[in-house]
Amino acid sequence: MRICVFLSAADLDDRYTRPAREFAALLGKGGHTLVWGGSDVGLMKVVADGVQEAGGRLCGVSVEFLAAKARPGADEMVIARDLAERKRLLLERSDAVVVMVGGTGTLDEATEILELKKHGHTDKPVVLLNTAGFYDGLKEQFRRMEAEGFLPRPLGELVFFAEEPVGALARLEESRGIG
């Protein structure tokens, strides 16, 4: 599978990097390709290193204003004009999406894929990896949206919340008939 991972490029502590490394190793060992924002810094670097070290492939989609931070030695690297094109290319090149910890950019990417799913424009599985309870508040907000009628489809059809890396990858593989 070509798995798009939306995540932070920030340098983060072990409670976030350890599960990210674990997911990356699982992805690489499974023979999957990481499709990611292409940066060779912070958590993005941690995940790309882990995938590559475990034998997986790397497909980066950077953006012009961050091209200097693009990872050298990726199997594929595309430089998008802007963030909108970057999101489109990331989704076009992937079979599934995992959302890891991140800031406003990650949240923007996550809500876009969920909006596309909500309206039936994609059927790609989406897993939100809730490392260290990072997305507990977002999960509660989504549940409220569902309960109060803001989501035309059940929340479970839009996104799966995984608490551990192994559960995230298992959900994606199951959704695609792998394993």
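Reader: How many cavities of 30 Å³ or more does a search of the whole structure find?

Author: Start with the idea. Rolling a probe the size of a water molecule over the atoms shows where empty space is left. In this predicted model, the search finds one cavity of 30 Å³ or more.

Reader: Which residues line the largest cavity?

Author: The lining consists of Tyr-16, Pro-19, Ala-20, Met-100, Val-101, Leu-129 and Thr-131. Helix α1, residues 14-29, gives the most, with three residues. By class, the lining has six nonpolar residues, one polar and no charged.

Reader: Now the rings. How many aromatic pairs does a search of the whole structure find?

Author: Three. Take Tyr-16 and Phe-134. Their ring centres are 5.8 Å apart and their planes stand at 85°, so this pair is edge-to-face; the cut-off for that class is over 60 degrees. The pair links distant parts of the chain, 118 residues apart. Tyr-16 sits in helix α1, Phe-134 in the loop between β6 (126-129) and α5 (136-147).

Reader: Is Tyr-16 buried or exposed?

Author: Tyr-16 is buried, at a relative accessible area of 11%.

Reader: What about the rings of Phe-142 and Phe-161?

Author: Their centres lie 6.4 Å apart with planes at 55°, so the pair is tilted. Phe-142 belongs to helix α5 and Phe-161 to strand β7 (residues 160-162), so the pair ties together parts 19 residues apart in sequence. Both Phe-142 and Phe-161 are buried.

Reader: Which residues do ring pairs link into a cluster?

Author: Tyr-16, Phe-134 and Tyr-135. Tyr-16 also lines the largest cavity.

Terms used
Residues are numbered from 1 along each chain as its sequence is written. This is a predicted model: local features need pLDDT of at least 70, side-chain atom pairs count only at pLDDT 80 or more; totals for chains, interfaces and linings use all residues. Side-chain values use heavy atoms; hydrogens and water are left out. On a 1 Å grid over the protein atoms alone, a cavity is a set of points where a 1.4 Å probe fits but cannot get out, and a pocket is an open set with protein on both sides within 12 Å along at least five of seven lines; lining residues have an atom within 4 Å of a point. Grid points are joined across faces, edges and corners, and a volume is the space filled by probe spheres set on the points. Helices (H or I, at least four residues) and strands (E, at least two) are DSSP runs, numbered from the N terminus. Ala, Val, Leu, Ile, Met, Phe, Trp, Tyr, Cys and Pro count as nonpolar, Asp, Glu, Lys and Arg as charged, and the others, Gly among them, as polar. Rings of Phe, Tyr and Trp (its six-membered ring) pair if their centres lie within 6.5 Å; planes under 30 degrees apart count as stacked, over 60 as edge-to-face and the rest as tilted. Buried means under 20% relative accessible area, exposed over 50%, partly exposed in between (1.4 Å probe, protein chains only).
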